[in-house]
Amino acid sequence: SPEAACRAWLLALVEAGDPEMTKPGYLQQAQDRFGVSREAFRFVWAEATRGHPAWTASGRRKKQSGGN
């Protein structure tokens, strides 16, 4: 199903490290790639990001420090 494919894609991204985009950015990619609805994506996102604070934190992403 599109939801299962989206879940596998998102889980791979979560396991690879911190997010590189915002949640809306991933939503857009998921809709383009898999044709999932916003509601389906929200459900898949909640499953895939559970236990990964960097993926569930709200607000702007912190900038990486370049060292001093």
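The model is predicted, so local features need pLDDT of at least 70 and side-chain atom pairs count only at pLDDT 80 or more, while totals for chains, interfaces and linings use all residues. Residues are numbered from 1 along each chain as its sequence is written, and side-chain values use heavy atoms, with hydrogens and water left out.

The chain has four helices and zero strands (DSSP runs numbered from the N terminus: H or I of at least four residues for helices, E of at least two for strands). Of its 68 residues, 25% are buried (under 20% relative accessible area, with exposed over 50% and partly exposed in between; 1.4 Å probe, protein chains only).

The largest nonpolar core holds 14 residues (buried Ala, Val, Leu, Ile, Met, Phe, Trp, Tyr and Cys joined through side-chain atoms within 4.5 Å).

H3 gives the most, with five residues. Cys6, Leu10 and Phe41 have the most contacts inside the core. Leaving aside residues up to four places away in sequence, Cys6 touches Ala30, Phe34, Val36, Phe41 and Val44 (heavy atoms within 4.5 Å).

There are six aromatic pairs (rings of Phe, Tyr and Trp, the last by its six-membered ring, with centres within 6.5 Å; planes under 30 degrees apart are stacked, over 60 edge-to-face, the rest tilted). The ring centres of Tyr26 and Trp45 lie 6.0 Å apart with planes at 45 degrees, so this pair is tilted. Tyr26 is in helix H2 and Trp45 in helix H3, 19 residues apart. Both Tyr26 and Trp45 are buried.
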